[in-house]
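Q: I have a model open and want to learn how to read it. Can we take the features one by one?

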Amino acid sequence: MKTGLIEKYSKFLPAVDKKFIISLNEGDTPLIRADKLAEALKLDAELYFKFEGANPTGSFKDRGMTMAISKAVESGTRGVICASTGNTSASAAAYAARAGVACTVLIPDGKIALGKLSQAIQFGAKVLPVNGNFDTALEFVKKISEENNITLVNSLNPFRIEGQTTGAFEICDDLGRAPDYQFMPVGNAGNISAYWLGYNRYKKAGIIDRLPKMMGYQAEGAAPIVLNRPVEKPETIATAIRIGNPASWKSAVAAKNESGGAIDMVSDAEIISAYKLLSKTEGIFAEPSSCASLAGLIKHLGAASIETGAKVVCILTGNGLKDPDSAIKYNECELKPVSNEKEILQRMGLL
Ligand SMILES: *Cc1c(COP(=O)(O)O)cnc(C)c1O
């Protein structure tokens, strides 16, 4: 039977006493080959999407959360707290519910996708919208966790990053080696740091013999790493990466430099275009922020080339169903009811 990540990758992760493991059998997400999209992009390489939307709460956050919540339980925590653009709160709330631990989440007022908000509420977390953005919320939870013996489960929690290394392990296990390029969105920059750590750990263990170029993409209105300064009022439709002062800034830049990769930015228009292209060409539904990876690949191909036969992986960090409003907003759809066959055929374009 499939186990969770802590058991599966115990050799590569901090030890957790088995009786404290809190898992929803996360991970083991599909790596989907996308030949049609590669052809559409005139990319003469093997293109793959890592579909993290298949995790129990619909995003990669579950990889880190199983580790962070298990460790919190092992330490006898009083409760957990996080600031979140949505997916962290959904994941924290689920794992905390399973652990029987109180969970508080601070979210930026009015800027989180409805699916994510509904998850946190459904899982019984205390959900507190903050007057301010993600960065403001993070400052609050850092202070409250330090002063009240409550466990912070943002990616500042080192166990989150540890758990998220498993994404790299799975890709290498599936491909039989590391990819040549990995494209991914960058928000708080924990995930790019975790993937880089994971690849390096596998290389050190002799499981792979090369490392990918790490290609991270921020949204134009929230691109502090690209601009090399914090962004006070980050703005983008990609709410999961609407972050002006990333917690893992330094390690993300190190991952870029050490791998010979890049951290660049893509516009909201490019993100939406990639979001729609992915679904229409390959039948994969990922939330807009996730599609900064594909938008980044497309931008990269406009300026540089990728070697023939290279293995290219795009990380799709969260499920499209998290944010149904965006799908309806950014696609043309006429939902006026029909009442006879003629109207149906007309709308089908057959009359
Ligand atoms: C959290 C999240 C990100 C950003 O990841 P970081 O580790 O903060 O860089 C990107 N996409 C989705 C869907 C997320 O939930």
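Predicted model: local features only at pLDDT ≥ 70, side-chain atom pairs only at ≥ 80, totals over all residues.

Q: What is the radius of gyration of the protein chain, and what does the globule rule give?
A: Begin with the elements: the chain has 15 helices and ten strands. Its radius of gyration is 20 Å, close to the 20 Å from the globule rule for 351 residues, so the chain is as compact as a globular protein of that length. Along the principal axes, the C-alpha atoms fill a box of roughly 65 × 50 × 45 Å.

Q: What share of the residues is buried?
A: Buried means under 20% relative accessible area. Of the 351 residues, 56% are buried. The accessible surface comes to about 15200 Å², with 52% of that belonging to carbon and sulfur atoms.

Q: Which residues touch the most other members of the largest nonpolar core?
A: Look for buried nonpolar residues joined through side-chain atoms. The largest such core has 35 residues. Leu47, Phe49, Phe183, Leu278, Leu297 and Ile306 touch the most other members. Helix 12 (268-282) is among the elements that each supply at least two core residues. Helix 12 gives the most, five.

Q: Which residues does Leu278 touch, leaving out those up to four places away in sequence?
A: Among them are Leu37, Phe49, Ile284 and Leu316. A second, separate core has 33 residues, including Ile6 and Ala178.

Methods: Residues numbered from 1 in each chain as written. Heavy atoms only, no water. Helix = DSSP H or I, 4+ residues; strand = E, 2+ residues; numbered from the N terminus. Rg over C-alpha atoms; globule rule 2.2 N^0.38 Å. Buried < 20%, exposed > 50% of the residue type's maximum accessible area, 1.4 Å probe, protein only. Areas by Shrake-Rupley, 256 points an atom, 1.4 Å probe, with all protein chains shown as cover. Core = buried A, V, L, I, M, F, W, Y, C linked by side-chain atoms within 4.5 Å. Contact = heavy atoms within 4.5 Å.
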